[in-house]
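The structure comes first, and the notes follow it.

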Amino acid sequence: MAKKTVFLTGGTGNMGWAAVQEIIKKPNEINLKLLARKSAKNQEKLKPLMSKPNVQIVWGDFLDYDAILEGVTGSDYVLHVGGMVSPAADWKPYLTQKTNIGAAQNICKAVLAQPNANEIKVCYIGTVAETGDRNYPIHWGRCGDPLKVSIYDHYAVSKCIAERVFVESGIKNWVVMRQSGILYPDILKNMDPIMFHVPINGVLEWCTVEDSGRLMCNLVTEDAAGNLGTDFWNHFFNIGSGKEYRISNYEFEQLLLGTLGLAGPEKLFDPNWFITKNFHGQFCADGDKLEDFLHFRENLPVKDYFDRLAHQVEFYFRIPRYLPKSAVAAAAKPFMKKIASTPDFGTLDWAEKDNKVRMSAYFGSKEEWEKIPTKWKDFEIIQFDKDNSAAEQFKLDHGYDESKPESELTIDDMKEAAKFRGGECLSNKMKKGDMAGKLKWKCGHCGAEFEASPALILLGGHWCPECYIPHKAWDYDSIAKTNPFFAQVWYTNHEKDENNKYDFDELFHIDGVAWDDIKR
């Protein structure tokens, strides 16, 4: 196998650093070019890598086109892992948009500027947040399901737009992998009001940070060995560590708290501290597809994995293991309540101040919040079937005949899919099976006409770029009335004619960048 050169972004973050650790194990197979901001922290972290002959540090950031161009030039693969993420993204939404979308634009521009652009293969790491709230009974998800960014999730908005940039850029070989929540040691330390922005009966198929690192490395080695092909490139995949890591948010709290030796969630929280909707999470009905290609899963039992995490954090985080649980709970619960009461972002702060827009988005209304039991004995915990066989009964309709091979799809399939989305396919012809050639579509909600590839619409779940991905407001009830495809994921926990048009800027700490400047 000829030695390959990989340009990796986000290498100092959790997933990216795990990828670095895997890639540097293969000095005879892979040269690594790593983009990093030049800070004292990064210089210290990357110092051990600088002496390695197969590693080059490219100092710069996502909006530094010259640095991006330097990284892309001479590379066989571009692995775009990096970006601004939550909770920082919640505090700086507009900087998040500018950074994440700008990075996508710069990378695509740099790849297409190369004389061998068609030979460079690009992986974009998307996010499970793109499909938003998928609480029971729509808790099993597939790529191609409707995008539905949770209200006020500016991070997910940026990822949807950046994903579209990559897919429609003209890059010949791309792949989109939507990352789930990542399990890594410092997750045990997270004490932020976002910890209550999850429904107790919500679900998530987590991915371990080690699996994530192997995933990135194996993409390169498997492709270089000729094991990947047209069924892999130019497709979308969900990332997850499999059945063992399909857990409800209640089970996650049990595992996390138990690992640290704390009392269970019943002793540390009240059930009405947690939102009931509007936070992403799903089990991956199609997650095994990626494993079949890239063989990245360790398959360690989830309880054993949490025990491993506990031994990777500082000892003082494990001190509660050696103390009476009742005493720990008595001391910890007031602290947890204070976090839930954080101004502007804490659920109890929203309730106390009757913050109508937040209560509407995350509970339905304050009246609905008041119906949530305050005692765990009165709160119903849902038990979920986690076998893949359970996914079939919850499969969403994608609006066309999915039993047909992609190579057999025609313009009639496109028109059928558009109709199910409440719109039209205005093009009258397409080359059979051509998923990359752009067609013309019309949105039935806002009337906008736009161009998009069948891959983006059918395989990625995208639709109208003017109203489907929020730019100035979330107006999902209005969209669901005209779009049966989207209605499948909206009316499971919303009533028709809800007053739920949410202003894009509401309650955010705007960081000085105009959204119109970013969008254009």
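## Helix α16 and its cover

Among the elements that cover the buried residues of α16 are β14 (424-425), β15 (439-442), α17 (454-459) and α19 (484-490), where contact means heavy atoms within 4.5 Å. The buried residues of α16 (residues 411-420) are Ile411, Asp413, Met414, Ala417, Ala418 and Phe420; buried means under 20% relative accessible area, exposed over 50% and partly exposed in between, with a 1.4 Å probe and protein chains only. After α16 comes Gly422, which has a positive phi near 75°.

## Basis of the model

The model is predicted, so local features need pLDDT of at least 70 and side-chain atom pairs count only at pLDDT 80 or more, while totals for chains, interfaces and linings use all residues. Residues are numbered from 1 along each chain as its sequence is written, and side-chain values use heavy atoms, with hydrogens and water left out.

In α2 (residues 40-50), Asn42, Leu46 and Leu49 are buried. Viewed down the helix axis, the buried residues of α2 lie within an arc of 15°, so they line one face of the helix; the arc is that of the directions from the helix axis to the C-beta atoms. The face turned away from this buried side carries Ala40, Glu44 and Pro48, which are exposed. The cover over the buried residues of α2 includes α1 (14-23), β2 (30-36) and β3 (55-59).

Terms used:
Helices (H or I, at least four residues) and strands (E, at least two) are DSSP runs, numbered from the N terminus.
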